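Here is a short briefing for a reader who is new to this structure. The sequence and the model come next, and the notes follow by topic.

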Amino acid sequence: MLGMEAEMLKGHLDAIVLAALEAGPAHGYAIIETIKSRSASTFDLPEGTVYPALHRLEQAGLLASAWMTPPNGRRRRVYSLTKAGSAALADRRKAWGRFAQAVDTLLTGGRAWPA
Amino acid sequence: MAGVIDDYVASLRRELDFDPALAQRLASEVEDHLRDAAEADPAWPSTEAERRAVERFGLGREIAAQFAVDAVDRQVRRTWITLLVTMVVTFVAMRLRVMWLDDGAVFALAPLVDRYAFIAAIGVAAIGWFAFRHSLLTLAICLGGLSASIAAGIVRAGLFAQGAPLHVLLAAAGEIALIGLLSFHVIGLGRRLKRTAVLRRIGR
């Protein structure tokens, strides 16, 4: 079942990465750790999968990145949401809300949606 | 002695050879990631900790294949934008030539090729935009049509080279520069499509 969940996650990876950066700038490893901890390790994708998504989102202007070196640490590329990225995240949340509600209604046999 | 992480990063860099700038940047980023992951492993420091970090990261070829697909998308966008600009400039240059030249009786073939090769390129591009946007063949046909049109246009202008106004010559120079850029993008797209196909086949 984990394979199916991982496949489902792939289609929403860009939105999930945007959401992981909502709290503040982070580097790739921290983003993966955030996704794992928030999903209680349900989504256990290969960690490298996040880098094509980060690059794609940066190319689209939804993320910005810069190399940073903490006082006692290793140099890392840190990503942050741009204004366009925050707007895109809000849009994707709305779209996901509508989609999830519709699918939930269909799967649980509830009343037609929207009523 | 090179460690597991060093070997992995070197192989990833090789897989990303279709974009050297990306390969350089990602190699540094991935190495940082893998060292963080290995250091967080209870078995650190050890080869086993590095091996587990690499395993969790995923196959280099699969990651490179994802980058290659994105690179194809970007290259397709760049090529179509260049094609559109080339068409506009070719059309303007053609109109300038028509306004200046009266070559109908001198050499009948060049004006026909100039016009109809251009129209054919527009037709193929219009169909390709809606149905075959990622098709190398569509873009190659458009490139061929525009090249034929521009070559015929230059032959036309060449017949009257002496005394040609500056704006006609500049338009022809613009056409040549753009067809060069378009050729470069079409060839680049071909290389990226081929690389993506290879990476996807191996990654399976």
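**The sheet in chain A**

Strand 1 of chain A and strand 3 of chain A pair in the antiparallel sense, over 2 bridges. This is a predicted model: local features need pLDDT of at least 70, and side-chain atom pairs count only at pLDDT 80 or more, while totals for chains, interfaces and linings use all residues. Residues are numbered from 1 along each chain as its sequence is written, and chains are lettered from A and ligands numbered from 1 in the order in which they are written.

- Strands pair if DSSP finds at least two bridges between them.
- Helices (H or I, at least four residues) and strands (E, at least two) are DSSP runs, numbered from the N terminus.
- The sheet is open, has 3 strands in the order 1-3-2 (chain A), and pairs antiparallel.
- Strand 1 (26–27) and strand 2 (63–68) of chain A are the edge strands, each pairing on one side only.
- His27(A) stands opposite Val78(A) in strand 3 of chain A.

**Where chain A meets chain B**

- The contact takes 14 residues from chain A and 16 residues from chain B; residues are in contact if their C-beta atoms, placed from the backbone, lie within 7 Å.
- Helix 3 (28–38), helix 4 (50–59) and strand 3 (76–81) of chain A each give two or more residues to the side of chain A that touches chain B.
- Helix 4 of chain A gives the most to that side, with 5 residues.
- That side of chain A has 4 nonpolar, 5 polar and 5 charged residues.
- Ala, Val, Leu, Ile, Met, Phe, Trp, Tyr, Cys and Pro count as nonpolar, Asp, Glu, Lys and Arg as charged, and the others, Gly among them, as polar.

**The domains of chain B**

- Chain B is divided into domain 1 (4–58) and domain 2 (66–203), with bounds from an automatic or database domain assignment.
- The C-alpha centres of domain 1 and domain 2 of chain B lie 43 Å apart.
- Their contact takes 5 residues from domain 1 of chain B and 7 residues from domain 2 of chain B.

**The nonpolar cores**

- A nonpolar core is a set of buried Ala, Val, Leu, Ile, Met, Phe, Trp, Tyr and Cys residues joined through C-beta atoms within 7 Å.
- A residue is buried if 20 or more other C-beta atoms lie within 10 Å of its own, with C-beta atoms placed from the backbone.
- The largest nonpolar core has 40 residues; those with the most contacts inside it include Leu54(A) and Leu12(B).
- The largest share of this core, 6 residues, comes from helix 4 of chain B.
- Domain 1 (4–58) and domain 2 (66–203) of chain B both give residues to this core, so it lies between them.

Note on methods
Two residues are in contact if their C-beta atoms, placed from the backbone, lie within 7 Å. A residue is buried if 20 or more other C-beta atoms lie within 10 Å of its own, exposed if 12 or fewer, and partly exposed in between; C-beta atoms are placed from the backbone.
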